[in-house]
Every structure is written in structure tokens, then in C-alpha cells.
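Below is a short report on one protein chain. It starts with the chain as a whole and then turns to a sheet and its strands.

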Amino acid sequence: QVQLVESGGGLVQAGDSLRLACAASGRTVSSYAMGWFRQGSGKEREFVAAIIWRGERTDYADSVKGRFTVSRDNAKNTVYLQMNSLKPEDTAVYYCAAGSRWPLRSTLTCDYWGQGTQVTVSS
């Protein structure tokens, strides 16, 4: 009922920046938390960052804290992930998700998922 579409991935060098976007449509998501997860090749999907749709509260994984920033544009039903100082270990498919619990750190509590966008960081 809620559709999520990610965009903004690509191939960059270590130290570069990218901004990912997740556009939400369908059912209203004002009562949801929005999050970003990533999954590297052969690895489990892990939490990256999240934001409460209504409000300013944010949450970050320790591995990205200080480098990544999550934000939202309520009028556009879009959340963003600004990624700075990218490292090779950031290489993964990044997924947008929506859930009703906070903190939104577990894949088990995410109700909706996007298709993902590939981020590749070369050395």
C-alpha cells in the first residue's frame, strides 16, 4: 500500500559524497519512521540511519555517525541520506524502509521496502 523508490546511487571514489533520495507514495506515512538500511554482497542487511516522519529525531549506526545525515521533506514525501567521506566498506545496496516503531533499527519492524540503489566506493 506504501511504495518506496530510491535513487541517487552510483560509483564514486573514497572520500567522495552522494545523496540518496527515497520517494514515498500511496498510504500516508506521517505516523511512520523512515529508515535506511544497506546490504553488502554476501552480508546481512544492516541499519544505517532513520528519522521520525513528524519531528526532528534521528538515529545513526556507529559506522556512519558523523559522516551521514538523514533528512526529510514532508511536502514531497521524500527522505534523503547525505553520505560524506565515503569509504570502500560503505559499498552496498541501500534500501529505504518505513516502520511504525522507534528506533527503527531492525529489519523485522519495517513494514515497507524500496527496491534498493547500488552505492559503490572504490579505493
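## Overall fold

Of the contacts in the chain with a separation of 6 or more, what percentage is accounted for by residues 24 or more positions apart? In this predicted model, such residues account for 57% of those contacts.

The chain contains 11 strands and 0 helices. Read from the N terminus, its elements are β-β-β-β-β-β-β-β-β-β-β.

## Dimensions and surface

The radius of gyration of the chain is 13 Å, which agrees with the value near 14 Å that a compact globule of 123 residues would have. Along the principal axes, the C-alpha atoms fill a box of roughly 40 × 30 × 25 Å.

Of the 123 residues in the chain, 43% are buried.

## The four-stranded sheet

An open sheet is formed by 4 strands in the order E1-E3-E8-E7, with antiparallel pairing. E1 and strand E7 (68-73) are the edge strands, each pairing on one side only. From one strand to the next, the twist averages 15 degrees. Strands of a sheet pair through backbone hydrogen bonds, in either a parallel or an antiparallel sense.

## Strand E8 and its partners

Strand E8 (residues 78-83) pairs with strand E3 (residues 18-26) over 6 bridges, in the antiparallel sense. Two residues illustrate this pairing: Cys 22 has Val 79 in E8 as its bridge partner, and Arg 19 has Gln 82 in E8.

E7 is also joined to E8 by 6 bridges, and these two strands run antiparallel. Asp 73 has Thr 78 in E8 as its bridge partner. The hairpin of E7 and E8 has 4 residues between the strands, and in this hairpin Asn 77 takes a positive phi near 50 degrees.

Is E8 largely enclosed or largely open? E8 is largely enclosed by the rest of the structure, because 5 of its 6 residues are buried.

Is Val 2 buried or exposed? Its relative accessibility is 7%, so Val 2 counts as buried, the cut-off being under 20%.

A distance across the model places this residue further. Val 2 and Ala 61 are 59 residues apart along the chain, and their C-alpha atoms are separated by 25 Å.

Methods
Residues numbered from 1 in each chain as written. Predicted model: local features only at pLDDT ≥ 70, side-chain atom pairs only at ≥ 80, totals over all residues. Heavy atoms only, no water. Buried < 20%, exposed > 50% of the residue type's maximum accessible area, 1.4 Å probe, protein only. Pairing = 2+ DSSP bridges. Axes fitted to C-alpha atoms, helices over the stretch in contact; angles between N-to-C directions. Rg over C-alpha atoms; globule rule 2.2 N^0.38 Å. Contact = heavy atoms within 4.5 Å.
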